[in-house]
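Student: I am new to this structure and would like to learn how its features are read. Could you take me through them one at a time?

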Amino acid sequence: MIQIKICPYCSSEFPSNINSRKYCTKKCAELALKRRRNKPEKCLCQWCGQVFTAKRKKKFCNFNCQHTYMSKLGKIQMKVTKIPVKITINDVARESKKEGLTYGRYVSLKKIQ
Ligand SMILES: [Zn+2]
Ligand SMILES: [Zn+2]
């Protein structure tokens, strides 16, 4: 069945018997695709919260925001990282005394190297 369709790109009418066909010509389809690709994307800056437009999806409105965000994040991550608790010989000696064990016995019991 032939239908009359309207090309979304150039708005001209064209007969089509293929339902999936959207544009009057291949050229229109290509141009429409191109235009869609170049359409500016609305983005929200992850750092300052400003809405901005970019050619493609971006997380930050400018380099400054990205840089600040990254350095802040780096600092937070550094704070979170736990410093491994070092057991010193003095600690072991003190603990072993507390439990009434010899140093050697305490170490073998707790498997401290
Ligand atoms: Zn067209
Ligand atoms: Zn920003």
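Student: Which residue stands opposite glutamate 41 in S4?
Tutor: Strands are DSSP runs of E with at least two residues, helices are runs of H or I with at least four, and both are numbered from the N terminus; two strands pair if DSSP finds at least two bridges between them. Here glutamate 41 faces alanine 54 in S4, and strand S3 (residues 41–44) pairs with strand S4 (residues 51–54) in the antiparallel sense over 4 bridges. This is a predicted model, in which local features need pLDDT of at least 70 and side-chain atom pairs count only at pLDDT 80 or more, while totals for chains, interfaces and linings use all residues. Residues are numbered from 1 along each chain as its sequence is written, and chains are lettered from A and ligands numbered from 1 in the order in which they are written.

Student: How many residues lie between S3 and S4 in their hairpin?
Tutor: There are 6 residues between the two strands, and glycine 49 in the turn has a positive phi of about 80°.

Student: Is tyrosine 69 buried, exposed or partly exposed, and why?
Tutor: A residue is buried if 20 or more other C-beta atoms, placed from the backbone, lie within 10 Å of its own, exposed if 12 or fewer, and partly exposed in between. Tyrosine 69 is partly exposed because 16 other C-beta atoms lie within 10 Å, and this residue is found in helix H2 (residues 63–80).

Student: Which residues does tyrosine 69 touch?
Tutor: Contact requires C-beta atoms within 7 Å; leaving aside residues up to four places away in sequence, tyrosine 69 touches Gln46, Trp47 and Phe60.

Technical notes
Two residues are in contact if their C-beta atoms, placed from the backbone, lie within 7 Å.
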